[in-house]
Amino acid sequence: MPASKAQAMVADLVMVDAAPAEDAAALERLALWALRQYSPVVAIDGTDGLVIDTEGADHLQGGEALLLSGLANRLRARGLTARAAVADSWGAAHALARLLASDTTVVPIGDISQAVIDLPIVALRLPAETIQGLRVLGVDTVGQLSAMPRAPLTLRFGPEPARRLDQMFGRVAEPIEPIRTPELIEVAKNFAEPIGAPETIAKYVRRLVGQLSTRLADEGLGVRRCDLVIHRVDNTRQHLRAGLAKPVRDPARLSKLLCDRIETIEPGFGIEKMVLVAIFAEPLEERQVASCLIEEEIADVSPLVDILGNRGHRLFRVAPVASDVPERSVRRIAPTAPDIGEAWAVKWPRPTRLFANPERIEVIALLPDQPPAVFTWRGKRRKVARADGPERIFGEWWRRPREFQAVRDYFVVEDELGERYWVYRAGDGIDPETGSHLWFVHGVFG
Amino acid sequence: MSKPAHNPVLAELRERIGQLEGKAARAKAVLPFAVPEMDRALPGGGLAFGALHEIAGGGGGTIDGAAAALFVAGIAARTRGKVLWCMTRPDLFFPAISQAGLHPDRVIWCESDKEEQVLSAMEEGLSFGGLAAVVGELVRLPMNASRRLQLAAEKTGAMAIVLRRWRRQNEASDYGQPTASTTRWRISTLPSERLPVAGVGRARWLAEIMRVKAGECAEFEIGAPDAKGRVCLLPTSTGRADQAAGWRSLAG
């Protein structure tokens, strides 16, 4: 559309000169960010998009849907408007991200054909003349095109439409060449004869790690994330990513992290090339370890955190939060975070196990502030021998306005067998505004 | 062994066996409870470092393992260094753990999806060295797994503690199965200490040593760990005497 026509259609239109070079540079920065954060395989898709291979990387973010919404939210927080889609093939994801109105789309495995059948043929990444020609023939949607016989189509438009269709439906492989920049430190090893035995792979992984750490040492860097790319003889690739909590260039630690997962490598007909890339490197200074004869040395646990974290365990430490509401008084922090130094200030007894969902109990109790005399929990009736309370906890209206008047009265109750529970009543026992006056078990004491 | 043998032949034999077992080289470190009666029941005078200990709850505690978890927290609090705590069900309430003296900065929590992953995380933590104790909450502990944990613990001298926690109370009969653990405990709750006023006093537990290598079974009534993780021995409660009297009257 010419600029004059656009100005005629919209009043006060702001015109900005296009800057393709700057756009491309910004897109590359975004691609490198996604490469560090999300997946080992990220590439620039056209002039306006990124393609990310999420296979084997989505579970780290909690699944495809969470990965996608998290990505969209993070981009929005930086002032970027993004639309994203996950599908079985690059072609389908490319089309769905650009042509659907919703911000995020997840196509379940095997449902490509239903998702793309009604899309217009511009979704197929074809040259403009081909699309024009197909429109002349009366072909408007992907579904119509895929129903046409291939031979006349190829005769008239060349092999391109059929190839693009096959790529969209995932019938033809379309490898993604991940983005690389000159700053990334990369070491590679080509094999004259394809290798496949785990011991051989481990041997060459160690050699590559040795070379990489020499290169890192030259530049004074330590690696935070490194990828091992395995090229197989049948022109397919596999990626292994190792993440570290702190920058590291110790060859023994890095090779342990990579060799730990050798059993997940499928050598197929053999491996012809292995590449080790330091995707994310940070400056690493040598530190002098002072040895003191008096103080006992507390070992640094970050190697263990790296090993367990790369195996898919969720590691965390907990830190206190200034909140009286029990479920809000704890937050998780990174296992290698600096020491907090303080613990919970509360002196009242707290249960060892806290239920995520408080469980309803049937109670006989004197209102307003007497502990229960008898309660029935999980179908068993328990007579209360001793009790302590109430400990009144008020709602936090500054977090949620609905909690303005909410009150919980907590009691420690002990049944005749000596089992101790933390029960509470929602509400203060008099005013129905403060809660439902139902009783719950919230935790078990030791 | 705490007591020197009187017979020199026996002593020599013991030494040779010890050499075969590979334990003679390392002086065995233990973590005493600072309760003489309990320490006397354990060889070496306390819970051994570099060994596997199994702890479970009794009664309702077989499912929630609340008392057992607090007992473990008290043991871990008295060690020095970091603690790795592996689990699949993250329902521990950390303020209670910190009330038993285990500072939150000292514990790294490791949440896994499967039981086998808990075992592998424990083994990795034990063979890492530099941790004081590694705790794992497990439903099943097969012989082979326990042997691996015991060997990993022996290598580095970290204390391995398995907190057994079943899904259903009747599954707890599994606790009789043999494992390679050095000691096996059961912690059951008892009515709390009586106060002169209405209220709940210090929690009382029945701690049973069900099995200990080179030692005899024993049971104690103890008070729950205080703010430094120390337990104390309590005189046998009147409540239990009443119960026994009740049984006697039923029998008679």
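Which residue in β5(B) is the bridge partner of Phe316(A)? It's Trp109(B). Before we dig in, note that this is a predicted model, where local features need pLDDT of at least 70, side-chain atom pairs count only at pLDDT 80 or more, and totals for chains, interfaces and linings use all residues. Residues are numbered from 1 along each chain as its sequence is written, while chains are lettered from A and ligands numbered from 1 in the order in which they are written.

**Where the chains meet**
- Strand β9 of chain A (residues 314–320) pairs with β5(B) in the antiparallel sense, over 3 bridges; strands are DSSP E runs of at least two residues, and helices are H or I runs of at least four, numbered from the N terminus. Two strands pair if DSSP finds at least two bridges between them.
- The contact involves 44 residues of chain A and 41 of chain B (C-beta atoms, placed from the backbone, within 7 Å).

**The cores**
- The largest nonpolar core has 98 residues, and Val72(B) and Ala160(B) have the most contacts inside it. Such a core is a set of buried Ala, Val, Leu, Ile, Met, Phe, Trp, Tyr and Cys residues joined through C-beta atoms within 7 Å; buried takes 20 or more other C-beta atoms within 10 Å of the residue's own, with C-beta atoms placed from the backbone.
- Helix α4 of chain B (residues 66–77) gives this core its largest share, 11 residues.
- A second, separate core has 60 residues, including Leu35(A) and Val86(A).

How values were computed: A residue is buried if 20 or more other C-beta atoms lie within 10 Å of its own, exposed if 12 or fewer, and partly exposed in between; C-beta atoms are placed from the backbone. Two residues are in contact if their C-beta atoms, placed from the backbone, lie within 7 Å.
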